[in-house]
Amino acid sequence: MADHRSPGGPEKMTPEFTEAIAEIAEKSQRIMREFLDHHSRNGANGLATPFDPLNVTQAFFDFGAQMLADPVRLAHAHMGLWQGYFELWQSTARRMMGDAAEPIAAPEPGDRRFRDPAWQENIIFDFIKQSYLLSSRWLMRLANDVDGLDEQTARKVDFFTRQFADALA
């Protein structure tokens, strides 16, 4: 199997890596299209049409299709998340060895969810907090940086993605 890693980070993606991402995106779009075709015929709940009064499912399928239409942009987004986690693991390891380390992800001023001192003092709690912040911010950026969605669909995706991220906290 060919090595598709791109040494040097996302700014130096090899043609092989880009080709592999494009192939993955193409297969993902085909799978999504088949899934949508199947569920539009059979319904997710066995009815002729799926029960989705807010039409959230279609909004997220449209979002997914638009994301997959730009595999390089999607790869960059994922690499940014992986880079953030790598930095978080390094920072946490330094703290575990007794060194001081600046946080990789800090809560917004006024975010009351993390005001208890244990979220900063306890290394494990701090890791959980920063991991959540990295993931939720990545998810929100991903939801907001997709081109090609109509305004109403983009608002639905933003709203329900924010609800999901907040629920994870």
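## Packing of α2 against α6

In this predicted model, helix α2 (residues 56-68) packs on helix α6 (residues 151-168) at an angle of about 100°. The two axes lie 9 Å apart. Angles of 65 to 115 degrees count as roughly perpendicular, and α2 and α6 are therefore roughly perpendicular to each other.

The α2 side of the contact consists of Val 56, Ala 59, Phe 60, Asp 62 and Phe 63. These residues meet Thr 153, Lys 156, Val 157, Phe 160 and Thr 161 in α6. By class, the contact of α2 with α6 holds six nonpolar, two polar and two charged residues.

## Helix α2

Does the length of α2 agree or disagree with its residue count? It agrees: at 1.5 Å a residue, the 13 residues should span 18 Å, and the end C-alpha atoms are 18 Å apart.

Buried residues in α2 are Val 56, Ala 59, Phe 61, Phe 63, Gly 64, Met 67 and Leu 68. Val 56, Ala 59 and Phe 63 are buried and also take part in the contact with α6. An α-helix has 3.6 residues a turn, so residues three or four places apart point the same way.

## The whole protein

The secondary structure comes to six helices and zero strands. Along the sequence the pattern reads α-α-α-α-α-α.

Of the 169 residues, 29% are buried. The protein exposes about 11,500 Å². Carbon and sulfur atoms supply 58% of that area. Among contacts with a separation of 6 or more, 64% join residues 24 or more positions apart.

Technical notes: Residues are numbered from 1 along each chain as its sequence is written. This is a predicted model: local features need pLDDT of at least 70, side-chain atom pairs count only at pLDDT 80 or more; totals for chains, interfaces and linings use all residues. Side-chain values use heavy atoms; hydrogens and water are left out. Axes are lines fitted to C-alpha atoms, for helices over the stretch in contact, and angles run from 0 to 180 degrees between N-to-C directions. Helices (H or I, at least four residues) and strands (E, at least two) are DSSP runs, numbered from the N terminus. Angles under 35 degrees count as roughly parallel, over 145 as roughly antiparallel, 65 to 115 as roughly perpendicular and the rest as oblique. Contact means heavy atoms within 4.5 Å. Ala, Val, Leu, Ile, Met, Phe, Trp, Tyr, Cys and Pro count as nonpolar, Asp, Glu, Lys and Arg as charged, and the others, Gly among them, as polar. The expected span of a helix is 1.5 Å times one less than its number of residues. Buried means under 20% relative accessible area, exposed over 50%, partly exposed in between (1.4 Å probe, protein chains only). Accessible areas come from the Shrake-Rupley method with a 1.4 Å probe; for residues, only the protein chains shown count as cover.
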